[in-house]
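Here is my note for your review. Please read it with the structure open beside it.

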Amino acid sequence: MQKRMFESTRKSREKGIAYVLVTIFMFAMVPIIGLAIDGGFAFVIRTRLSAAADAAALAAGRSVNLANTVAAADAQATTAATAFFNANFPSGYLNTNTLASTRVITPTFTVNTDSSGNPTGVLTISMFVSVQGPTYFMKIFGIPYITVNNTGTATRRNLVMELVLDKSASMCDGSTCRDTAVGTIPPSINAASTSCEAMVYSTIQFLQYFSPYDYLGEISFDYTVYDDYTASTNYWEAGAAGMSKSIANINCGNNTNTTAALYKAWQDIRTVNQKLAQNVIVLFTDGVPNAVNATFPVRYQVDSRYSSGQGCTTANGFSSSTVSGGCSGTCFDTSGTTLCTGSLTVAGGSSFKAPTKCAGGTGCAGSSGSGGLPVCTTTSGLTVSGVISQESGFNVNGGTRGGPYKMFSTDATPTVPSGCPGSADGTSFTSQTVAYIPNSDYFGNSFINVTSSSGATVTSPWFQWLYQVNNQCAPAGTPITSGNSNCKNLGGPWTSYPTTGAGADHNTFTSGPYSGFLRPDLPNSIGVASMTSATNMAYTIRADATYNPLIHTVYLQGNGSDPVDPSFLQIVSNQSTIQPVIYDPTAATYANPYYQKNQPTGIWAPTASTLQLTAMFQEIAASLLRISQ
């Protein structure tokens, strides 16, 4: 009996303890369950915060443009990030605390560096965001809100860009190059503005689209290349410290050394040394290249070539001393033995003077050997490094040549070896001192071959090219730069114009000691060599797997009297197809036989109107303002 009473009492006590323990555990479990429920809701808030933070980071990355200083860019980006965050996660969203002080949006801008502390070209934007989420169970314990935070990240490939600006003579309208004073930023342009003026105005406008995290540099070129503004993040500065001033200082004249300008731009990108940046060259030009950079062998052997008197002219392309139907005393006929006495009619109806060779007589005093122009009398094996150019008139029966010039403004002025003729002017230098144009230029680019789409080495499309033929006109009403013609020579293979010039004497010597080499005494061949080397320079730049440079081209067609090449800049910017230019609107589009699928493709932005230049540069700016997450 006592045992049963004891067991009953014990069971009652155990039940009491169980009630107590359950009660205690309930008090412990309610907060835990509440925390789990409130935590689950906080997780939902955190997930939404993540998307809003990413959007804010991307907005910040896009908004570091259009500001002058890093501080201004960061402030502008923070404003944009805040706006995007508030749009994606409004105040009070998901019952979060509406007090402004409880919403935290903090971006951090970090320029990434390599192990040596050098910038890599990538800007990381880290976005820390925080809000106070509501509680439902935890409120019982006096905790109405819990802080929820998250981060978002975006990366911006900074820009390293070289502006490469053609300031050759064809950018001028007659004797006028700048409507406003050189050194002054043009306030605007109009339909009467010169190409030079429009280029200065449009490129200065172009600068406003970029970020103070970007490196911008500017190069101008005629037959010499000028590194006007070393790439810097301070390009936006006013006065002499900024790029606007260096562009405003540009005046135009002389010839077009596109190859050396591209080379210099590439070297400047490599100097900045940001391998992960967007490395970009923007080439602006209005015509074909016409300057050859090389180490030229001097001439010691007598051969048959054009005299320095080639190209005497007036209305028909000859000098003021020329009488109607005749020529001046330094012009020789194709036989090289007599003075020319008339003009030569060629295919297309153009009338040119007969090409000139020298075999004694006026202009040939001092000839050595049997006929021919004087040669160098100094020790053999000498060379001259520098630039020779086609200066006026590409046609095979006229036109002057220039040189030797400096490739880069920092070079020493080339000198002609003593004992060599032709030191007085470029035409006599290229006719008498230079033996031939070598097969490769100063930078190692071939003057003869290019690389096809298949990767094969093939003869350049311009190797037997003729410039002053195939005259075509733009459709009526096409806007053309003031002072320029709506008709241009597009050029063509010399085989299609067999009666033009001296027949077999095309771009290379066909006999004599320099047979097979490109001729320095012919303006046409200088253009051919320039075109091929510039094409190869662009190929080499685009093949740089370390910096992956992109080449954009802006082409102002219709300037001066120079010819227009339909494909050159499209090949330079690596277009997959070649589009017709305005002077040949009926031509068909065709696959670019030199397109390189493994190299980046830039933009080809052509226009014939100075008023459209700003839009061309805006197109390129839009393509560069990319952001990757």
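What percentage of contacts in the protein chain between residues at least 6 apart in sequence join residues at least 24 apart? The share is 70%. Keep in mind that this is a predicted model.

1. Overall content. The protein chain has 629 residues, and 52% of them are buried. Its secondary structure comes to nine helices and 22 strands.

2. As background, strands of a sheet pair through backbone hydrogen bonds, either parallel or antiparallel.

3. Strand 8 and strand 11 run antiparallel and are joined by seven bridges.

4. How many disulfides does a search of the whole structure find? It finds four. One of them joins cysteine 172 to cysteine 177, with an S to S distance of 1.7 Å. The torsion about this S-S bond, between cysteine 172 and cysteine 177, is about 80°, so the link is right-handed. Cysteine 172 is buried, at 11% relative accessible area. Cysteine 177 is buried as well, at 10%. Both values fall on the buried side because the cut-off is under 20%.

5. Cysteine 376 and cysteine 420. These two form a disulfide with sulfur atoms 2.0 Å apart. The link is right-handed, with 120° about the S-S bond. Cysteine 376 sits in the loop between strand 10 (351-353) and strand 11 (383-392). Cysteine 420 sits in the loop between strand 12 (400-405) and helix 6, so the pair ties together parts 44 residues apart in sequence. Both cysteine 376 and cysteine 420 are buried.

6. Cysteine 473 and cysteine 487. The sulfur atoms of this disulfide are 1.9 Å apart. What is the hand of the link between cysteine 473 and cysteine 487? The torsion about the S-S bond is about 105°, so the disulfide is right-handed. Cysteine 473 lies in strand 16 (residues 471-473) and cysteine 487 in strand 17 (residues 487-489), so the pair ties together parts that are 14 residues apart in sequence. Is cysteine 473 buried or partly exposed? Cysteine 473 is partly exposed, at 37% relative accessible area. Cysteine 487 also counts as partly exposed, at 23%.

7. Aromatic pairs. A search of the whole structure finds 16 aromatic pairs. Take phenylalanine 85 and phenylalanine 89: the ring centres are 5.9 Å apart and the planes stand at 10°, so the pair is stacked. Phenylalanine 85 is buried, with a relative accessible area of 0%. Phenylalanine 89 is buried too, again at 0%.

8. A tilted pair. Tyrosine 436 and tyrosine 514 are 5.5 Å apart centre to centre, with 45° between the planes, and the pair is tilted. Tyrosine 436 lies in the loop between helix 6 (426-433) and strand 13 (449-451). Tyrosine 514 lies in the loop between strand 18 (492-493) and helix 7 (523-542), so the pair ties together parts that are 78 residues apart in sequence. Both tyrosine 436 and tyrosine 514 are buried.

9. Ring cluster and charges over rings. Which residues do ring pairs link into a cluster? They are Tyr263, Trp266, Phe408, Tyr442 and Phe443. Arginine 270 lies over the face of tryptophan 266, at 5.0 Å from the ring centre. Elsewhere, lysine 167 lies over the face of tyrosine 226, at 3.9 Å from the ring centre.

Note on methods:
Residues numbered from 1 in each chain as written. Predicted model: local features only at pLDDT ≥ 70, side-chain atom pairs only at ≥ 80, totals over all residues. Heavy atoms only, no water. Phe/Tyr/Trp six-rings, centres within 6.5 Å; stacked < 30°, edge-to-face > 60°. Buried < 20%, exposed > 50% of the residue type's maximum accessible area, 1.4 Å probe, protein only. Helix = DSSP H or I, 4+ residues; strand = E, 2+ residues; numbered from the N terminus. Lys NZ or Arg CZ within 6 Å of the ring centre and 35° of its normal. Disulfide = S-S within 2.5 Å. Pairing = 2+ DSSP bridges. Contact = heavy atoms within 4.5 Å.
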